[in-house]
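Reader: Hi! Could you walk me through this one? I'd like to start with the overall fold and then look at some packing.

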Amino acid sequence: MMALIVVFSFLVVALGLSLFVLGRLGRVSAAACYSLDAALPAEPQADIFVSDITANLFSSQDAAFLAGEITCDSVRRFREMRTSIALGWVRRERERVSCLFRDHRRNVRSTADLSPVDEVKVLRDFLSFQVMSGLLYFLIAVRGPSRAARLVRWSCVAAEKLQAIVDRAIPASSPTVEVIRPE
Amino acid sequence: MTFVPIWIIGLIGESVPPVRAFQKDFIGQYKWFYSYLMSVLARDACLFTVYFARPKSYPTLYWRTEFIGVVLGCGLVWEAYKIALASYPGSARMARSLLALVFIFTFGRFLVKNWSAASWTRVRTALDLELDLRVVQVALLFALVALFAYYAIPLGKNLKGIVYGYGLFLVTSLVNLTLRGQLGDSFQRVWQYMQPGCYMLVLAIWTWSLWSYRPVPKPKVQPELELHYAAFMRATRVKLLAARDRLARGTRI
């Protein structure tokens, strides 16, 4: 009987905690968030800057060059720093997207012409970004940025091959495709 | 006879929030909640009398009047939805779709379970029926709370207390009823103390949160955000896809 009471208490506490966490999750702290315009810069210059950073971060050229020139300890420290910067970059991207999504929810909640179907689509896009960035974060933390990039490239090639096989096997008769690309 | 003091404390606890709301003149702000609480108070007072005057009639009366609380509880959930989302038409629209979906799903499950050919002739106990209806209520309330959290809807101290208190009450009822149904009479002894214990906690939450009138905060209206929804939604999606694209391009360079 004691075990039952313990299980019962555990269930009540777990449900109470989940309600509490849900309540905390929804609090929008505007101060901690970027403004909507600054959240995700669309200027080409910023994008080129990001490309430069990521090109160097995820490339293995620097590490290969340094491997022959400096001590093993320094190479290890270089890799650690690079991993830390890459993780910081992914974290920052996740924060930006979280802020964008929070702003979106805060703004649309008062809009009378909100469409539930479109909201589900936005949520799906957000979740797919979260899954993708979470996976990338894990890969970088475990394998380092250059190996993670290699793994991403390999999986992209594999996915493209798989897609080609599927396309050949099942020819699309009248596909309905919705394409939204960043301008 | 140790449950008699618990019973009396319960009756006092149930009468405190309505008396306080009547004193402070905000009883009309939460009509369904106070109707629910006063009906429970009347029922408990009635059961208390019957228990000593005509003990044999007590179980029948207990299960028959239990459904009044279940029905008024639905009204309480509806009131929470109406009050919290009055200033948020967008979220209210989403809530209607979500609640309709949850209701169809849970109530459909309830109908299928009860009207299936195998159990058509089976006499269902009041306990089973109440358990099923509580599942519907829990699902609806949980969906509503999740939506409040998702859209960061401020509830105010009063409504937060009502919603969380009732949520706790539903969950503990559900667990109690499930254990009572699974374990039968062996659980009865524990149930006699566990159910009032949980209910005392719920009453304490309600008394604390409804001690004075704290309405739902009004949203700050920002005219520049009066935008065209479709364009705004499209902009968000484009930015989300751009972020995903940047992440992919960054690692593929």
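Reader: How many helices and strands does chain B have?

Author: In this predicted model, chain B has eight helices and zero strands. Read from the N terminus, its elements go α-α-α-α-α-α-α-α.

Reader: Nice. What's the radius of gyration of chain B, next to what a compact globule would have?

Author: Chain B comes out at 23 Å, whereas a compact globule of 253 residues would be near 18 Å. Its C-alpha trace spans about 80 × 55 × 30 Å along the principal axes.

Reader: And what share of chain B counts as buried?

Author: That would be 28% of the 253 residues. As for contacts in chain B with a separation of 6 or more, 82% of them link residues 24 or more positions apart.

Reader: Let's zoom in on B:Val202. Is it buried or exposed?

Author: B:Val202 is buried, because 20 other C-beta atoms lie within 10 Å, and 20 is enough to meet the cut-off. The residue sits in helix α7 of chain B, which covers residues 188-209.

Reader: Which residues is B:Val202 in contact with, leaving aside neighbours within four places in sequence?

Author: Those are B:Gly165, B:Leu168 and B:Phe169.

Reader: On to helix packing. At what angle do α1 and α2 of chain B pack?

Author: Helix α1 (residues 3-24) and helix α2 (residues 31-53) of chain B pack at about 150°, and their axes are 10 Å apart. The angle is over 145 degrees, so α1(B) is roughly antiparallel to α2(B). The crossing is left-handed.

Reader: Which residues make that contact?

Author: On the α1(B) side they include B:Trp7, B:Leu11 and B:Ala21, and on the α2(B) side B:Tyr34, B:Leu41 and B:Phe48 are among them. The residues of this contact divide into 12 nonpolar, two polar and two charged.

Methods. Residues are numbered from 1 along each chain as its sequence is written. Chains are lettered from A and ligands numbered from 1 in the order in which they are written. This is a predicted model: local features need pLDDT of at least 70, side-chain atom pairs count only at pLDDT 80 or more; totals for chains, interfaces and linings use all residues. Helices (H or I, at least four residues) and strands (E, at least two) are DSSP runs, numbered from the N terminus. The radius of gyration is taken over C-alpha atoms; the globule rule is 2.2 Å times the number of residues to the power 0.38. A residue is buried if 20 or more other C-beta atoms lie within 10 Å of its own, exposed if 12 or fewer, and partly exposed in between; C-beta atoms are placed from the backbone. Two residues are in contact if their C-beta atoms, placed from the backbone, lie within 7 Å. Axes are lines fitted to C-alpha atoms, for helices over the stretch in contact, and angles run from 0 to 180 degrees between N-to-C directions. Angles under 35 degrees count as roughly parallel, over 145 as roughly antiparallel, 65 to 115 as roughly perpendicular and the rest as oblique. A crossing is left-handed if the near helix is turned anticlockwise from the far one by less than a right angle, and right-handed if clockwise. Ala, Val, Leu, Ile, Met, Phe, Trp, Tyr, Cys and Pro count as nonpolar, Asp, Glu, Lys and Arg as charged, and the others, Gly among them, as polar.
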